[in-house]
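Let's take a friendly walk through a protein model together. Have the sequence and the 3D view ready, and follow along as we go.

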Amino acid sequence: MNIVIVENNPVYKNAIKDKIENSLLFAKCDSVSSFEELNSKEYDLYICDYSSANSEEIEKLIRDNKDVIVITDYESEFLKTPLRKKVLEYLIKDDNSMLDYLIKFIKRINKNRYVNLLLVEDCHMTRQIQKLILKKLKFNILEAANGKEALEVLENNKVDLVITDLLMPVMNGKEFIKKIRKIKKIMDLPIIVISSNDDKNTFLKALKFGANDYLKKPFLNEELIIRVNNLLDLYDGFKKIHHQLQIDALTGINNRFYLENVLENIFNFYEKKSVAMLDIDFFKKINDKYGHQFGDDILRNFASTIKGIIRKSDTVIRYGGEEFLIFMPNTVKEEAFIVVSKIKKALRENEFKYTFSAGIADEGETLAEMIKIADKKLYEAKKKRDDIII
Ligand code: GH3
Ligand code: MG
Ligand code: MG
Ligand code: MG
């Protein structure tokens with residue numbers, strides 16, 4: 001992202017430039033002291049100091065469809081200008097927190113390019129106005145005129161955020177939210193409600209049915225912008241933590257939480273599938289003889305050996321201490337046997353010397369049932385050790 005700062009105060013100019021360069025990996029930043037110094041180079045973002053003397057130039061940038069963020073000392077004066085509604089954002093120079101907000105805002109609009117936002121509103125004109133505000137924030141916008149249409153859009157597209165009206169023909173917002181929450185949990189899809197309804201209870205109901213936030217019409221553009229951006233920032237943080245929760249810290253592969261959250265859900269997509277339960281032999285002895293650290297090295301080595309052999313579509317998870325589960329879609333147990341045998345072969349050529357036993361199953365109506373059967377086979381294999389039973 002190419003950014004330019006137009007600011008006559010050198011202290012501010014350098015502070016903003018430093019902050020951007022130190023905080024945004026994706027940004028390249030130039031700075032000039034006045035609009036006269038701006039050459040013909042095109043920028044993705046113009047950060048301009050506002051004073052009544054240069055409002056004309058800022059107007060011109062906006063007429064040329066440029067993205068402009070205004071920074072100003074003259075809060076009350078700027079708020080009265082029509083520019084307020086046309087700029088991407090404006091910031092008041094009061095303290096350094098202004099710079100933190102600026103960085104947060106640029107990061108957000110940079111990410112919004114990959115965010116699909118579904119806008120649901122029956123009044124075409126209102127929808128176009130809202131779309132215009134949101135378009136400035138770089139979202140990919142999908143539209144629907146009522147809840148029924150919106151559900152169809154949801155079915156056929158990856159949607160990251162829904163903004164919906166409440167009073168609509170065919171299917172109103174309340175019914176729409178209820179239907180969404182049957183298929184998408186609050187963790188999976190945020191919803192903002194916009195309505196001119198004066199009754200607080202209406203909004204409360206929407207929140208109870210599963211909306212995340214609401215906005216009462218009429219609202220200031222910035223209110224919508226801030227609520228949308230904040231909600232998405234929150235969800236980004238949330239997704240990151242959720243992802244981390246599914247990773248086993250020692251081996252870096254998925255853990256049991258992943259099994260319950262993801263594998264369980266995709267299990268029924270596949271008609272044919274197998275699971276293999278692998279358990280390292282005499283692991284307690286390895287720990288006792290060579291120490292716990294060495295035991296940890298073995299676990300990491302086992303995880304990477306398995307990963308090196310299974311296909312991309314297969315998943316390995318650390319099921320317990322020294323137990324690993326492999327989920328193999330489109331695979332019958334005879335084929336799974338070949339995969340597990342390959343792991344055994346790789347271990348024979350490995351720097352660490354250890355063996356494992358395994359049980360494999362492709363029968364069972366649920367993931368839990370299939371695992372139970374594989375576990376039974378593992379128990380049988382354990383009688384001999386270094387064995388695989390299908
Ligand atoms: P078997 O051949 O019957 O499978 O015996 P085993 O010793 O491998 O199995 P057992 O279930 O008796 O012991 C598993 C051991 O794994 C006990 C536990 O201390 C150890 N363990 C569990 N998690 C970790 C870990 O994260 N690191 C290390 N180093 N050891 C672990
Ligand atoms: Mg309406
Ligand atoms: Mg065990
Ligand atoms: Mg064991």
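## A tour from domains to details

Taken over C-alpha atoms, the centres of domain 1 and domain 2 are separated by 29 Å. Keep in mind that this is a predicted model. The contact between these two domains takes 5 residues from domain 1 and 8 residues from domain 2. On the side of domain 1 that touches domain 2, helix α5 (residues 97-112) gives the largest share, with 3 residues. Sorted by class, that side of domain 1 has 2 nonpolar, 1 polar and 2 charged residues.

To find your way along the protein chain, use its division into three parts: domain 1 (2-110), domain 2 (113-239) and domain 3 (256-389).

The table puts their geometry side by side.

| Helix pair | Packing angle | Distance between axes |
|---|---|---|
| α8 (residues 173-183) and α9 (residues 200-209) | about 15° | 9 Å |
| α13 (residues 292-309) and α14 (residues 333-348) | about 130° | 9 Å |

Let's begin with α8 and α9, which pack at an angle of about 15°. Because angles under 35 degrees count as roughly parallel, α8 is roughly parallel to α9. The crossing in which α8 passes α9 is right-handed. Which residues meet here? From α8 come Gly 173, Lys 174, Ile 177, Lys 178 and Arg 181, and they meet Lys 205, Ala 206 and Phe 209 in α9. By class, this contact of α8 with α9 has 3 nonpolar, 1 polar and 4 charged residues.

Next come α13 and α14, which pack at an angle of about 130°. That angle makes α13 oblique to α14. The way α13 passes α14 is a right-handed crossing. On the α13 side, the contact is made by Thr 305, Ile 306 and Ile 309, while α14 brings Val 339, Lys 342, Ile 343, Ala 346 and Leu 347. The class count for this contact of α13 with α14 is 6 nonpolar, 1 polar and 1 charged residues.

Helix α13 also takes us to the ligand. Which residues come nearest to ligand 1? Of the 15 residues around ligand 1, they are Asp 281, Phe 283, Lys 284, Gly 295 and Gly 321. Two or more residues of this shell are given by each of β11 (273-280), α12 (283-290) and α13. The largest share, 4 residues, comes from α13. Sorted by class, the shell around ligand 1 has 5 nonpolar, 4 polar and 6 charged residues.

Finally, let's look at two backbone details. Most residues other than glycine have a negative phi, and most peptide bonds are trans. Val 170 is not a glycine, yet it has a positive phi of about 65°. You can find Val 170 in the loop between β8 (161-165) and α8. What is the peptide bond from Lys 217 to Pro 218, cis or trans? This bond is cis, with omega near -5°. To see Pro 218, go to the loop between β10 (213-216) and α10 (221-245).

Key
Residues numbered from 1 in each chain as written. Chains lettered and ligands numbered in written order. Predicted model: local features only at pLDDT ≥ 70, side-chain atom pairs only at ≥ 80, totals over all residues. Axes fitted to C-alpha atoms, helices over the stretch in contact; angles between N-to-C directions. Parallel < 35°, antiparallel > 145°, perpendicular 65-115°, else oblique. Left-handed = near helix turned anticlockwise from the far one by under 90°. Contact = placed C-beta atoms within 7 Å. Nonpolar A, V, L, I, M, F, W, Y, C, P; charged D, E, K, R; others polar. Domains from an automatic or database assignment. Near = placed C-beta within 6 Å.
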